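Open the model in your viewer and keep the selection panel at hand. The stops below say what to select next and what is there.

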Amino acid sequence: MKSARPRISLSQHPDKGAAKPRIQQARPASGTERKPDLAPADRKLLLLNKPYMVLCQFTDEAGRETLKDYISEPGIYAAGRLDRDSEGLLLLTNDGKLQARLTQPGEKTPKTYWVQVEGVPSEAALASLRAGVELNDGMTLPAGARIMAEPDVWPRNPPIRERKEIPTCWLEIKIVEGRNRQVRRMTAHIGHPTLRLIRYAIGDWNLDDLTPGQSRALPVPELAALSRANTSRANASRRDGQGTPDRTVKSTANNKIDDKLRNQNRPKATRDAAGATPHSRPHGAERGLASSHTAKPADGKPRSAGRGTARRPARNGNDQS
């Protein structure tokens, strides 16, 4: 026995030209809610002297040393990265906005590195670093580069590879970028491979009084001062025309557009009384033709100018109206 098919009336079929109604699908709940901003007293910023061969993360499946071996503060994360085979200053914070402020390229936060390289670079090689060099991912921004005296730093374990016939020297390099292994690639580009790399400073913070593996919490007043300084810098950029555009100019333009649209929707007689719009057709005088307001026919009777078109010729006094 065949199953009964439901009858469908013709009225249930939509017209071919009719638009199909959109079905609003409910978005699945993300399960994560936006975290409220931290109060100034709850913000934390730690300065860590990252030791050599320590991963810049808190977990590692291979069992290598990580930040967890040196930082016990919960809910805190690195603001930026430092290669495993590099040493020096690392900033950690529990404030996501502060983390973005410290790492985003637009801030151009200067970073200072002490770099031990093979050989002694010439002044021409240092000048090329200052001007910017071409790497496989593009030109670097201008940097600071100079030969410095050997710093009084801790010995590295294991020590660097040294060759008796090739001398070494220390460079101070300052950059505002954060590309992958950028400083190492810059020194290799000028023919002086990096043997040891220590990040000494990020902005106004440095490694002074920090031994490898030691960290220091930044007091809250210093962190609040950082927030005020960044806010002042952003306001200064807006005043100089680098921030958001002036809303007054945008509002004036919008008002002009609204007035134009309202005028187009008004009856023609009303528009003629208020003045012709840019889209209205000009009258005879405006088109260079003789106007009925400036010249009268020979019989003295006024003639209508029509609806903006050329006037019909007079009927030589035979007008019966």
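Start with helix α3 (182-189). Its buried residues are Gln-182, Val-183, Arg-184, Met-186 and Thr-187. Here buried means under 20% relative accessible area, exposed means over 50%, and partly exposed is in between, with a 1.4 Å probe and protein chains only. Helices (H or I, at least four residues) and strands (E, at least two) are DSSP runs, numbered from the N terminus. The cover over the buried residues of α3 includes β4, α2, β5 (134-135), β8 and β9, where contact means heavy atoms within 4.5 Å. After α3 comes Gly-191, with a positive phi near 85°.

A note on the model before moving on. This is a predicted model, in which local features need pLDDT of at least 70 and side-chain atom pairs count only at pLDDT 80 or more, while totals for chains, interfaces and linings use all residues. Residues are numbered from 1 along each chain as its sequence is written, and side-chain values use heavy atoms, with hydrogens and water left out.

Now show the whole protein as a cartoon. It has six helices and eleven strands. Of its 321 residues, 28% count as buried. Among contacts between residues at least 6 apart in sequence, 69% join residues at least 24 apart.

Next, select Arg-181, in the loop between β8 and α3. Its phi is near 50°, a positive value in a residue other than glycine. Arg-181 is partly exposed, with a relative accessible area of 32%. Then go to Asp-209, in the loop between β10 (205-206) and β11. Phi is positive there too, near 70°, and Asp-209 counts as exposed at 75% relative accessibility. Select Asn-157 and Pro-158 as well: the peptide bond from Asn-157 to Pro-158 is cis, with omega near 0°. Pro-158 lies in the loop between β7 and β8. Most residues other than glycine have a negative phi, and most peptide bonds are trans.

Move to helix α2 (residues 123-131), where the buried residues are Ala-125, Leu-126 and Leu-129. Seen down the axis of α2, these fall within an arc of 100°, so they line one face of the helix; the arc is that of the directions from the helix axis to the C-beta atoms. They pack against β7 (144-148), β8 (168-175) and α3. Turn to the other side of α2 to find Glu-123, Ala-124 and Ala-131 exposed. Just after α2, Gly-132 takes a positive phi of about 115°.

Select strand β1 (residues 45-50), where six of six residues are buried. Leu-45, Leu-47 and Asn-49 point one way, and Leu-46, Leu-48 and Lys-50 the other way. Which strands does β1 join? Six bridges join β1 to β3 (residues 87-93), running antiparallel, and three join β1 to β11 (residues 215-217), also antiparallel. Two strands pair if DSSP finds at least two bridges between them. Asn-49 stands opposite Leu-89 in β3, and Leu-48 stands opposite Ser-215 in β11.

From β11, step to Leu-218 in the loop between β11 and α4 (220-239). Leu-218 counts as buried at 6% relative accessibility. Leu-218 and Leu-46 are 172 residues apart in sequence and 5.9 Å apart in space, C-alpha to C-alpha.

Thr-109 is buried, with a relative accessible area of 16%. Leaving aside neighbours within four places in sequence, its contacts are Arg-101, Leu-102, Ile-175, Val-176, Ile-202 and Gly-203.

On a 1 Å grid over the protein atoms alone, a cavity is a set of points where a 1.4 Å probe fits but cannot get out, and a pocket is an open set with protein on both sides within 12 Å along at least five of seven lines; lining residues have an atom within 4 Å of a point. Grid points are joined across faces, edges and corners, and a volume is the space filled by probe spheres set on the points.

The largest pocket has a volume of about 620 Å³. Of the 31 residues lining it, the closest to its centre are Arg-81, Lys-111, Tyr-113, Gly-178 and Arg-199. α1 (96-103), β4 (111-118), α3 and β9 (194-202) each supply at least two residues of the lining.
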